[in-house]
Each structure stands twice: as C-alpha cells, then as structure tokens.
Amino acid sequence: MSSSLRKKSDLSLVSRVRYPMLRHFLANLQEVVLGTKLSVVLPVIPLAFIARCYGFGRSWVFALSLLGVSALAERISFLTEQIAYFIGPTVGGLVNATCGNAPELIIAIFALRQNKLDMVKYSLLASVLSNMLLVLGTSLLCGGIANLRKGQKFNRRQAEVNCLLLLLALLCHSLPLLFRMGGGPAAVTAEPTLQLSRASSVVMLIAYLSYLVFQLFTHRQFFEAEEEQEDEEVGESEEAAVIGFWSAIIWLVGLTALVSLLSEYIVETIEDASNSWGISLSFNIMILLPVVGNAPEHAGAIIFAFKDKLDISLGVALGSATQISMFVVPLCVVAAWTMGINMDLNFNLLETGSLALSIGAVAFALQATTTTLHFRLILILLYCVIGACFFVSNTPLNLVNLTDSATKGAIDAIFRA
C-alpha cells in the first residue's frame, strides 16, 4: 500500500560512509524516514512527546499524536511490504492487512486497560464503517470516473467471501442486543448477555481462523494463481526489496512501540480534545479517528482504483473491515474476559443499526461484477449521513452505561414488586 506514497531515496551520500554497519544503518534510516511523501508529517511525533512532557494543551497532544499515528501507519505498511518480498505475496498480504490494523488494535487495548469499554466499541465499529463505506465507496467512485469508458470489473468471489463473513459478524453483534431487548426477565441482568457475547466471540475467531486456513493452505494456489494472472495482465515487473528482512522486522517493532505510546496519548486526551473543540466525543471516535488515523491506507486504496486494480482496493477495504469485525473485536472481548473486565458485543441500537444498513448496502452494491457510479456514490453518502448522526449526538459515552444501569434497576424493582 505504501508504494503509492513512496519517494525514491538518493543513497549517493550514504554510500561514501566507510564503516559497513554504519552505512547499512544510515541507508535503512533514509529509506524508512525519508523514503515517503509523508516525511514532512514525521516531525509531529517529537512535537507530541514535547507537548505531553511540558503540559501543553491536551487538545494539542491529541491532534499531534493522531497525525503521528497516521504517518507511522504508512511506514508500518511500507515495512510489511518489504517483508512480503521475502515470505511471498499471499502471506505478505495477510501480514500487511494485520499490521495495517495495528493502530486500531493498540488503541483498543489501551482503552480496555482503562476500562473505557464504550470507546473500544466505538473505535472498532468506526474503523469497520470507514473501510466499508468511505474507503470502498471512494475507491469505487474514483476508479469508475478514471476508467469511465472501459469500465471496471472485480473478482466477485472475493467480495462474496468478505460479505458473508461480515454478515456473520453482524449476526453475532445483533444477538446480544436482541436478547437484551426481547429476552424477558432473564435478559435484565448482564450475565446472560455477557456469556452470549463470549460464546459468539469464540465462534467468530474460529470462523476467521478457518478463513485463514482456506486462504493460506487449502486454496493457497488459487490465490497465488490470481495474483500471477493480474501481474501478467498489468505487465509490471516486481520491485526488489530496499531493506533486508531482519532490518524490516527490527524497524517494524520500533515503529509499533511508537504507535503504542502515541495511542496511549490519544486515549488519554480524546475526551478533553472533544470538550475543547466543542465536538461530540462520539463524532471524534467514529469519524475523526479512523479517517485521519488510516489516511495513508485509504489513499493507497484510491490510487490502486485509479490504476484499475480494483481487486487490490477491495482487498484493502473489505479485508480490513472483515479482519476488525471477525478478529479484532472478538479478540478484545476474549482479552477483556482474561483481564476480568465485562465487555460484551452489545453495541447499542443506533450503532448496530448503522452496521446492519452499511453491510446490506455494500453487499447489494457488490452483487454484480461491475457497479454503476450511482451505487458507488450511495456508499459515500451513507457514510456522510452516519457521520452527521454522530455529530449531533452529544451524549457522553459513559452516560450510556449509567442509563443501562438505571434501566436495569428500575426493571428489577418492578419484578420484585
């Protein structure tokens, strides 16, 4: 994904260094730090640390940390692409998608450690909606406009598999909500809903692992054949890796540690930033966080659609949405279970309804191998409507839990009477 934002580095000066180890380190440093068009954004990372250490406004810490995570996410994508040259395109694509979702997972883990369960749910749901509607819709629309005369086609089987997994995720997310709403007196307490959520999470993890087995082992030759066919049609030669395998691993670990630190700053300051800017917290988490945090990955998907590589754009958008909904969300539920935190899959009525309508719209728009520009525009407009909904929502996230507790207390009093 980062190849669309890559900038060729001039290593003539570095090659004059006498010592091989120092020359190797400086070459890698130049490729990782200066080998991107987003290198102008990287100085915000030390600025975020300075703002945090010297007690600047918490809204500044949030903004600088969010921009820093955006730049580091692009560099992590670049490093995973370098690793893919050594481990093959199929496994490399999976590693690329997994590391591309690393910021969301890290932010969710830090929010989970601070017992901010609503923030965990909102941030993960926001990433799914952003990938399905904004990224996919924009990629399809821009690619369709750029290739208006010849039209664009995509692999329908890939879309069907991802849509089926998303529908399974929707069922597992809807059942706890439906059980709370229509389960009778047994649904008043949170324990049955929690047990149902944990069981559903285990089912989703098994389903996603079976999908990985299908992709990497039982039908791996099928995916590799498709990739070879695409390369022959495009006629492009594969580029060589610019840094070594173990160098990429070491840089990947270091940048992931930076993302973890900046993610902790984001979790700590997002509420103060919302109050300072006069924007609802739900809008900050649902719209601003995924749009800015995943901007490089989104830009890469759009550029691939411009180049008539629609299958890659679908893999980025639907693949990321599927991985978050089928792997990251249930993994957080299981992680919270081991930590003694009661996190369920009840995303409340508004959020679950938005997810259901979004998955339905995407599945309907991708039911043919070619889609019209009207369908592609509808996905973007649907995301705008959802964004407007959360923009006018001024209810604090923690107030939802208080409301649920008050409701359960009232129902308990009714049953006791």
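Buried means under 20% relative accessible area, exposed means over 50%, and partly exposed lies in between, with a 1.4 Å probe and protein chains only. By that rule, Ala 73 counts as buried at 15% relative accessibility. The model is predicted: local features need pLDDT of at least 70, side-chain atom pairs count only at pLDDT 80 or more, and totals for chains, interfaces and linings use all residues. Residues are numbered from 1 along each chain as its sequence is written, and side-chain values use heavy atoms, with hydrogens and water left out.

**The chain as a whole**

- The chain has 16 helices and 0 strands. Helices (H or I, at least four residues) and strands (E, at least two) are DSSP runs, numbered from the N terminus.
- Of the 417 residues of the chain, 48% count as buried.
- Contact means heavy atoms within 4.5 Å. Among contacts in the chain with a separation of 6 or more, 83% come from residues 24 or more positions apart.

**Ala 73 in helix H3**

- Ala 73 sits in helix H3, which covers residues 58-87.
- Ala 102 is 29 residues from Ala 73 in sequence. In space, the two are 8.2 Å apart, C-alpha to C-alpha.

**Two buried polar residues**

- Asn 162 belongs to helix H7, residues 156-182. Asn 162 is buried, because its relative accessible area is 4%.
- The side chain of Asn 162 makes a polar contact with the side chain of Thr 322, at 3.0 Å. A polar contact is a pair of N or O atoms within 3.5 Å; within protein, one must be able to donate a hydrogen and the other to accept it, and residues adjacent in sequence count only if both atoms are side-chain atoms.
- Setting aside neighbours within four places in sequence, Asn 162 is in contact with Leu 318, Gly 319 and Thr 322.
- Ser 139 is part of helix H6. Ser 139 is buried, because its relative accessible area is 1%.
- A polar atom of the Ser 139 side chain lies 2.7 Å from the backbone oxygen of Val 135.
- Not counting residues up to four places away in sequence, Ser 139 touches Ala 301, Ile 302, Ala 305 and Ser 313.

- Helix H14 runs over residues 348-365, 18 residues in total. At 1.5 Å a residue it should span 26 Å, and its end C-alpha atoms are 26 Å apart, which agrees. The expected span is 1.5 Å times one less than the number of residues.
- The buried residues in H14 are Asn 348, Glu 351, Thr 352, Ser 354, Leu 355, Ser 358, Ile 359, Val 362 and Ala 365. They cover an arc of only 165 degrees around the axis, so they lie on the same side of H14. The arc is that of the directions from the helix axis to the C-beta atoms.
- Leu 349 and Leu 357 are exposed, on the other side of H14.

**Positive phi angles**

- Asn 348, found in helix H14, has a positive phi of about 70 degrees although it is not a glycine. Asn 348 counts as buried because its relative accessibility is 19%.
- Asn 115 is in the loop between helix H5 (102-113) and helix H6 (117-146). Its phi is near 60 degrees, a positive value in a residue other than glycine.

**Aromatic rings**

- A search of the whole structure finds 8 aromatic pairs. Rings of Phe, Tyr and Trp (its six-membered ring) pair if their centres lie within 6.5 Å; planes under 30 degrees apart count as stacked, over 60 as edge-to-face and the rest as tilted.
- Tyr 208 and Tyr 211 have ring centres 6.1 Å apart and planes at 45 degrees, so this pair is tilted. Both lie in helix H8 (residues 190-218), 3 residues apart, about one turn of the helix.
- Tyr 208 is buried at a relative accessible area of 5%. Tyr 211 also counts as buried, at 16% relative accessibility.
- Phe 283 and Phe 391 form an edge-to-face pair, 5.1 Å centre to centre with 85 degrees between the planes. This pair links distant parts of the chain, 108 residues apart: Phe 283 is in helix H11 (residues 281-293) and Phe 391 in helix H15 (residues 373-391).
- Phe 283 is buried, with a relative accessible area of 18%. Phe 391 counts as partly exposed, at 45% relative accessibility.
- Phe 86, Phe 245 and Trp 246 form one aromatic cluster.
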